[in-house]
2 protein chains.
Amino acid sequence: MSMTERLLLHEYAASGNCYKVRLTAAIAGVRLERREYDIMTGETRTPEFLAKVNANGRIPVLQVGDRFIPESNAACYFVAEGSSLIPTDPFDHADMLRWMFWEQYNHEPNIATLRFWMRWVGVDNLSDLQRPQMPGKRTAGNAALQLMDDHLAGSQWFVRDAASLADICLFAYTHVAGEADFDLQRYPNVIGWIERMKGHPRFLAIET
Amino acid sequence: MSMTERLLLHEYAASGNCYKVRLTAAIAGVRLERREYDIMTGETRTPEFLAKVNANGRIPVLQVGDRFIPESNAACYFVAEGSSLIPTDPFDHADMLRWMFWEQYNHEPNIATLRFWMRWVGVDNLSDLQRPQMPGKRTAGNAALQLMDDHLAGSQWFVRDAASLADICLFAYTHVAGEADFDLQRYPNVIGWIERMKGHPRFLAIET
């Protein structure tokens with residue numbers, strides 16, 4: 001994109017949602033500055049962060065000059081604007097958004113949350129409200145991976161025949177689903193797609 | 001938009017997610033055919049529906065000719081393509097998407113789910129896994145309404161100074177939040193915004 005304003009990513013590097021934005025920038029060839037917050041010590045819930053960066057207390061937030069874009073998938077869209085990562089055909093474009101909304105509703109709350117609970121919080125530290133939700137999130141996470149695997153049986157990418165933001169947004173938490181004890185070997189088409197993503201000449205790895 | 005293909009909405013009319021698409025079509029002046037499914041008797045989980053309409057078993061799905069767009073907010077985007085409901089400035093456009101993703105992650109799973117549990121399923125019929133989640137969803141739903149109210153203290157609409165898809169997608173479940181026993185009187189700016197939405201010359205009411 002042809003932005004002249006400085007782009008600053010407010011982030012926590014190990015978060016898949018933050019990684020999405022970095023991977024989008026890498027593939028789109030956009031320069032991104034970065035500022036790290038420790039989410040485990042509440043650095044995104046300080047009065048200053050809530051007042052200035054994001055009233056929702058979450059990262060990533062993309063700062064554009066002196067304005068802010070919360071929500072990872074919206075930030076990815078801004079970074080990728082005008083690049084080949086966003087299809088121009090109206091149906092393909094809506095199909096891309098469909099997978100991005102699906103990711104936030106059906107995939108992230110299950111796979112990303114289990115990863116966070118198991119690897120950051122620790123199962124022993126979960127609340128009595130959280131722990132009973134683990135089996136449901138396991139089932140829903142596997143259903144999400146199965147739906148992806150079924151879709152990829154018939155195509156190389158999620159939208160038409162090229163990598164788009166849909167692939168980037170779905171890749172972020174899918175390729176580290178093993179950290180939440182999901183067995184990706186059950187989803188061979190997903191594994192093939194992960195390898196295609198990693199083979200992109202501008203691929204950038206997550207930092208954990 | 002200038003689509004020549006037939007648009008058919010696969011829906012359950014009382015669903016706020018389905019209403020979003022109808023309201024978008026009304027305001028954008030787009031003709032929509034409709035097909036109703038009874039979600040309470042599993043009509044969206046039949047093998048035929050899963051194979052032909054949406055492997056995710058959910059409505060709404062927008063059918064465009066012989067192709068399908070699941071996910072309400074993606075369907076709204078397709079219907080509104082080219083209309084004034086979608087800002088063209090890249091920042092405003094990403095800001096609109098930010099509210100639409102936020103709606104699916106922070107608003108819908110709390111307010112819409114409580115409405116569904118309380119008015120359709122019935123609190124007495126909730127599972128032992130669902131019932132303990134009610135207080136958390138109540139708290140998160142009120143936090144979402146408060147965040148909206150704070151934003152609307154400084155502006156008439158969610159993005160810049162005109163109604164966009166962000167307003168439509170947030171309106172759908174917000175204006176019926178009372179059906180889930182949320183007290184909208186606590187959020188006067190939200191009430192003012194609801195009245196502005198209802199005052200739109202092409203406003204269309206939900207069917208419940």
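Author: Arg6(A) counts as exposed because it has 12 C-beta neighbours inside 10 Å. The cut-offs are these: 20 or more other C-beta atoms within 10 Å make a residue buried, 12 or fewer make it exposed, and anything in between is partly exposed, with C-beta atoms placed from the backbone. This is a predicted model, where local features need pLDDT of at least 70, side-chain atom pairs count only at pLDDT 80 or more, and totals for chains, interfaces and linings use all residues. Residues are numbered from 1 along each chain as its sequence is written, while chains are lettered from A and ligands numbered from 1 in the order in which they are written.

As for confidence, chain A has a mean pLDDT (the predictor's confidence in each residue, from 0 to 100) of 96. In chain A, 99% of the residues reach 70 or more. For the complex, the predictor gives an ipTM of 0.96 and a pTM of 0.97.

Back to Arg6(A). This residue lies in the segment before E1 of chain A. Helices (H or I, at least four residues) and strands (E, at least two) are DSSP runs, numbered from the N terminus. Setting aside neighbours within four places in sequence, Arg6(A) is in contact with Glu33(A) and Gly65(A). Contact here is C-beta to C-beta within 7 Å, with those atoms placed from the backbone.

Glu33(A) belongs to strand E2 (33-36) of chain A, an edge strand. Gly65(A) sits in the turn of the hairpin formed by E3(A) and E4(A). Two residues separate the hairpin strands, and Gly65(A) has a positive phi of about 65°.

Now the sheet itself. Chain A has an open sheet of four strands in the order E2-E1-E3-E4, with mixed pairing. Two strands pair if DSSP finds at least two bridges between them. E2(A) and E4(A) (67-70) are at the edges, and each pairs on one side only. On average, neighbouring strands are turned by 25° against each other, direction ignored. Such angles run from 0 to 180 degrees between N-to-C directions, with axes fitted to C-alpha atoms, for helices over the stretch in contact.

Strand E1 (residues 7-11) of chain A pairs with E2(A) in the parallel sense, over four bridges. One residue pair shows this: Leu9(A) stands opposite Arg34(A) in E2(A). H4(B) packs on it, touching E3(A) (61-64) and E4(A), and its direction makes about 35° with that of E4(A). E3(A) and E4(A) run antiparallel and are joined by four bridges. There, Gln63(A) has Phe68(A) as its bridge partner.

Next comes helix H3 (residues 72-80) of chain A. Arg6(A) is exposed, but nine of the nine residues of H3(A) are buried. Among them are Cys76(A), Tyr77(A) and Phe78(A). Their cover includes H1 (16-28), E3, E4, H4 (90-121) and H6 (165-174) of chain A, together with H4 of chain B. Ala80(A) is also one of the buried residues. From Arg6(A) to Ala80(A) the separation is 74 residues in sequence and 15 Å in space, C-alpha to C-alpha. After H3(A) comes Gly82(A), with a positive phi near 85°.

In total, 28 residues of chain B are in contact with 28 residues of chain A. On the chain B side, E4, H3 (72-80), H4 (90-121) and H5 (134-152) each give two or more residues. H4(B) gives the most, with eleven. By class, that side has 17 nonpolar, five polar and six charged residues. Nonpolar means Ala, Val, Leu, Ile, Met, Phe, Trp, Tyr, Cys and Pro; charged means Asp, Glu, Lys and Arg; the others, Gly among them, are polar.

Chain B has its own open sheet of four strands, ordered E2-E1-E3-E4 with mixed pairing. E2(B) (33-36) and E4(B) (67-70) each have a single partner strand, so one side of each is left without a neighbour in the sheet. E1(B) is mostly covered, with four of its five residues buried. E1(B) (residues 7-11) pairs with E3(B) (residues 61-64) in the antiparallel sense over four bridges. Leu7(B) stands opposite Val64(B) in that pair.

Definitions and conventions. Contact = placed C-beta atoms within 7 Å.
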